[in-house]
Amino acid sequence: LAGQGVLASGRGSNLQAINKAINGGKLNAKIGVVITDNPEAPALDYASDNNIPAVCVNPNNYKNKIAFESAVVQTLTGFETDLVILAGYMRILSGYFLKNFPGRVMNIHPSLLPSFPGKDAQRQALDYGVKIAGCTVHFVNEGIDSGPIILQTTVPVLETDDVNLLSERILNVEHQTYYQAISLYAAGKLKIENVSVSDKTGLIELAGKL
Ligand code: GAR
């Protein structure tokens, strides 16, 4: 049975939300493996505590990015990964990696893309003064937080917000949004019209209603 491979670098709250959706019967999917690039990532402990195969592929042990990514690809392939799910994975994937999983890598980002890609998205939104913020789940291409958008959820920005308060409000909706996007994929309801992994845009057609 093919499953999902989750790549994480840190806390792993999105990984937890996805796993809870699976265990609670809200998402028909299977996490085959969790891979971190950081031996200290709490996501690694969460996976092993929850009987999910957990592997750290430490970039320090590889001579360059391709060698590192090739080890990640081999690990994913070894666990029969169909869909790669980035959950707080803080590295840019190369074209080499993406060619191994064409149209099969998803990411979540804590802004309404294409606004505020990159680091500190919530801080960028506050600094800009937007009144609506949110999260985006999208397919990954070679750009930074770019690629066909699957789902977005909005939250209000309040006068009294600081980065922590806004991040927490966004994180809450991330946890709802990610498993819904994975569910659409698992049900075969997502189709990327433009298959080139390096194109910045592409159209998604929903073959069914949410
Ligand atoms: C989440 O807010 C996710 O959207 C963000 O990192 C956090 C990871 O939290 N990702 C990015 O900024 C990607 N550019 P988690 O480890 O608790 O899931």
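Where does the ligand sit? In this predicted model, local features require pLDDT of at least 70 and side-chain atom pairs count only at pLDDT 80 or more, while totals for chains, interfaces and linings use all residues. Residues are numbered from 1 along each chain as its sequence is written, and side-chain values use heavy atoms, with hydrogens and water left out.

The ligand sits in the largest pocket. A pocket is defined on a 1 Å grid over the protein atoms alone, as an open set of points where a 1.4 Å probe fits, with protein on both sides within 12 Å along at least five of seven lines; a molecule sits in it if more than half of its atoms lie within 2 Å of its grid points. Helix H1 (13-23), strand E5 (105-109) and helix H6 (163-186) each give two or more residues to the shell around the ligand; helices (H or I, at least four residues) and strands (E, at least two) are DSSP runs, numbered from the N terminus.

The residues around the ligand (a heavy atom within 4 Å) include Arg 11, Ser 13, Asn 14, Met 90, His 109 and Leu 171. Polar contacts are pairs of N or O atoms within 3.5 Å. An oxygen atom of the ligand lies 2.7 Å from a polar backbone atom of Gly 12, and a ligand oxygen is 2.7 Å from a side-chain N or O atom of Glu 174. A nitrogen atom of the ligand is 3.3 Å from an N or O atom in the Asp 145 side chain. The protein buries 89% of the 450 Å² that the ligand exposes when taken alone (Shrake-Rupley method, 1.4 Å probe).

Methods
Polar contact = N/O pair within 3.5 Å; in protein donor to acceptor, adjacent residues only side chain to side chain. 1 Å grid on protein atoms, 1.4 Å probe; cavity = no way out; pocket = protein on both sides within 12 Å on 5 of 7 lines; lining within 4 Å.
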